[in-house]
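Q: Can you walk me through this one? I'd like to start with the overall fold content.

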Amino acid sequence: MKRLLLCVLSSIILGFGTAVAQTESTFEGETTATLTSMQKMKSAVKTKNILAKMILKNVMKKVENNGSYTGTYTTKTVAKGNKYKTNLPYNDSYSLVEKNGDQMTTTVYFPSIKKGYYTTTNVSANQEQLEQMRKGTVEKTGETMEILGRKCEVYKVKYELKQDAEGTVSTTNLHNEYAICTDPSLPESDKEVLPGVKGVPLKFINNTVSQTTNEMLNFDIQVYIASLTTDIKKRAVDDSEVSVTEGIKLINGDKDQKGMLKNIEENMKYLKKNNKWVENNPDEIKIYDNLNEDWEY
């Protein structure tokens with residue numbers, strides 16, 4: 001049950017995050033983007049164990065209530081070396097990603113309630129999954145668009161990822177669209193952003209559907225994230241800009257999934273109580289929601 005809950009919570013975190021590099025960067029400065037996020041979840045408890053069923057239903061109700069958000073907002077990412085810190089205005093949070101050797105740590109914290117959590121990932125342990133993702137279909141559409149006064153080439157990427165571990169089976173379908181610019185004046189323009197494609201994605205659309213099941217629970221999640229870069233500014237970044245604010249109480253999310261969920265829930269309650277939680281329904285959202293049918297952009 002703990003493994004499945006961690007999987008669910010990780011999906012929430014990934015769904016609301018922005019795309020960040022997983023290697024050290026030579027770029028120091030900040031990037032501003034318009035971000036649209038949408039996430040839907042649904043679950044069905046299968047176990048006949050009455051106690052386990054009650055616990056799972058209670059947990060999944062909290063996950064679904066606190067993991068769904070739809071809206072468009074402006075976000076900023078500050079980068080320095082191996083650290084990337086992103087502000088997520090929709091829930092007044094910050095996400096700090098730091099890579100040290102083979103370990104990547106993601107810290108999410110909420111200044112309003114002075115709480116947060118961190119999770120760690122072993123990068124090389126995920127190599128098989130990353131290689132499977134890289135085998136996805138990459139299509140250069142021939143379309144172009146102008147962003148920040150620069151020409152971008154449009155690419156579409158599609159792949160399916162299947163995993164079966166310890167009785168938990170998951171199938172993830174991902175359909176992405178990228179507008180990639182190779183202008184050498186942009187930071188990281190010489191790096192491979194897609195298999196065989198170098199450049200900087202100034203616009204992207206991520207559509208992801210994941211279905212996870214084991215003997216106790218079925219869990220489906222749909223995530224839509226669209227981002228348009230509106231400004232890239234090279235500047236000196238102080239270390240305090242890419243660190244956790246003082247006074248924040250952090251917990252280990254890998255070991256305390258219930259505490260992680262409690263932090264998310266407490267922050268949402270605070271924002272709603274103080275009229276700081278705002279959602280909207282952008283018209284441009286398209287959702288790929290059928291694993292058995294092809295999807296047209």
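Q: How many helices and strands does the chain have?
A: The chain has 4 helices and 14 strands, taken as DSSP runs numbered from the N terminus (helices: H or I, at least four residues; strands: E, at least two).

Q: What kind of model is this, and what are the ground rules?
A: This is a predicted model, where local features need pLDDT of at least 70 and side-chain atom pairs count only at pLDDT 80 or more, while totals for chains, interfaces and linings use all residues. Residues are numbered from 1 along each chain as its sequence is written, and side-chain values use heavy atoms, with hydrogens and water left out.

Q: What share of the residues is buried?
A: Of the 297 residues in the chain, 46% are buried, meaning under 20% relative accessible area with a 1.4 Å probe, protein chains only.

Q: Switching to strands: in which sense do S7 and S8 pair?
A: S7 (residues 137–147) and S8 (residues 150–165) pair in the antiparallel sense over 8 bridges; pairing takes at least two DSSP bridges. Thr137 is opposite Lys158 in S8.

Q: And which residue in that hairpin has a positive phi?
A: Leu148, with phi near 55 degrees; the hairpin has 2 residues between the strands.

Q: How many disulfides are there?
A: The count is 0, with a disulfide defined as a pair of cysteine sulfur atoms within 2.5 Å.

Conventions. Buried < 20%, exposed > 50% of the residue type's maximum accessible area, 1.4 Å probe, protein only.
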